[in-house]
Each structure stands twice: as structure tokens, then as C-alpha cells.
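My entries are kept in the order in which I looked things up.

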Amino acid sequence: MAENFSIEATDEGDLTTVALGGYLDAHTAPEFEATLQERIDAGRVRIVVDCGALEYISSAGLGVFMGFIEDLRDAGGDLKISGLIPKVREVFELLGFDALFEIYDDRAAAAGSFASAAAG
Amino acid sequence: MDVLEQTFTLHVPSSTKNLVMIRDFVNRVAEQAGLEESNRSKIELAVDEACCNVIEHAYGNDVSKEITVRATFDGDAVRISVIDSGAGFAPDEVPQEELRELIRQRRTGGLGMRLIKTLMDEVRYEIEPGRRNELHMVKKVRQG
């Protein structure tokens, strides 16, 4: 069973990108939550979660997205999602996350949406 | 073609560490049953959600407890039962709040049961708190 989970957070300008890979379930979600919390505690409120290498998500993983979004938006930021493979996107859509989160095809488009929001 | 009914059983300690093994187990049984990948993924996720509920709510993260996952298939369907002996609950009394409301309340859970009902064709609970709680889920091999 070559299952794993990877996470990497990168700050660039005022944007933080969190790249997820592998399997995000109840066992690995705490690591995702801790990483996001750490960046938010450091004052980072514009976040792109790049799911391009994410192969699996359960509701424990989705719960992490739910837990932070309101506070980020209240602070003038947002959490945007990019790169969902069809199987993972289906889970987001089954629960209606696509109506409440901005979801982009790739990381650049998600990052660009912050830039255009700032310009507008 | 008639398919002989076959049953597979997995007993694992109640820990999120074992979700990988549980998913792998149900995925392989569903593969033997002839389910295509999209339906195997649905079963895998539904069973993951069911076991997470047991780990967190029925057993309160006590890893000394055991979860049983029983998977049966014949030509018509894959039937999965997730069995525990922990604290039971009243399935009909679990509030099913809208996602927007859960988010507004900064809640991070509450979606597992909804996912299970969406992913599987039939879902049924048998609850005897502290003795034996069973969640039975069915995925039909041929839809329609």
C-alpha cells in the first residue's frame, strides 16, 4: 500500500500556496489543518490550496477547508482551490463545496484571481 | 451468469491509521465483484466515512477497540457492514444542516453521514448501544 500524504506551503508576496498530494483523510487532515493554522497565525490570509497531486479526499479533509474559510474572508482574504482531479472534484461537488469556494483549473488561475480582485 | 456469494471480513483496531487498510480491503472486494472504478471509489469513501464515525463517535478515539468491516458480494450487489460495540446513536436525530450553516458555525464535521447516503444505493442502521452497532450499505453491481 503505497499511500501517502504530502504538503508544502510556499509564501510569495502576499500569497501563500499550499500544495497537497496523496491521500487526505482523517489520519492526515490534522497535518493540513496545522499547516494552514500556522500560516494564518503568521498573518497570511490569501491562500491557494493546490490539489493537483491530491488523489483522495474524505470529509475530514473537507472539514479543514470549512473550518478556516469564514475567518479568512472576515480578515479580507480567501481560500481558493485549484487543480482538482475529477475523482476529487466529484466529492467537492457532491457536498456543494463548488458553490461556496472558488475552484480554479490550475494554481496560476487561482493566484491570478487574487491579483485581479486586488486590482478591481 | 450466477455469481456465488462470497464474504470477506476485516477486523482492525479503531485508529485512523488503519483507514488505508480498510479502503484497500473494500476496494479489492469491490474489484472482485466487478465494479468499475468510479463505483469502487464511492464504496471506498463511504466505508472510510463510516469507520471515521465509529473511531471518533462510537469509540471516542480509543485504539484498544475493534472495528469489523464485512463485505459480501454476489452478482447483484456489494454489501458492506461496518460493525462496532461502542456508544450508539439515533441516526434520525443527527441534524443534517446545510453546508453554508456548518461553515458559518465554524464546524468542521457533520458531512460524513450525508456523504454515505449520497454515495451508496441503500443505507440502514441497526443500533444496540454498547453492544453491537451495524451500518449496512449496499452498492448495486448493475445500476438501473
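What is the order of the five strands in the open sheet of chain B? I read the order as 1-2-3-5-4, with antiparallel pairing, where strands are DSSP runs of E of at least two residues and helices are runs of H or I of at least four, numbered from the N terminus, and two strands pair if DSSP finds at least two bridges between them. Strand 1 (6-13) and strand 4 (122-128) of chain B stand at the edges with a single partner strand each, so one side of each has no neighbour in the sheet.

I noted that this is a predicted model, in which local features need pLDDT of at least 70, side-chain atom pairs count only at pLDDT 80 or more, and totals for chains, interfaces and linings use all residues. Residues are numbered from 1 along each chain as its sequence is written, chains are lettered from A and ligands numbered from 1 in the order in which they are written, and side-chain values use heavy atoms, leaving out hydrogens and water.

Next I looked at strand 2 (residues 66-73) and strand 3 (residues 77-84) of chain B, which pair in the antiparallel sense over six bridges; B:Thr72 has B:Arg79 of strand 3 as its bridge partner. Helix 1 (residues 19-32) of chain B packs on the sheet and touches strand 1, strand 2 and strand 3 of chain B, contact meaning heavy atoms within 4.5 Å.

I then listed the buried residues (under 20% relative accessible area, with exposed over 50% and partly exposed in between, 1.4 Å probe, protein chains only) of helix 1 of chain B, among them B:Ile22, B:Phe25 and B:Val29. Their cover includes strand 2 (15-24) and strand 3 (46-57) of chain A. Just after this helix, B:Gly34 takes a positive phi of about 90 degrees.

Conventions. Axes fitted to C-alpha atoms, helices over the stretch in contact; angles between N-to-C directions.
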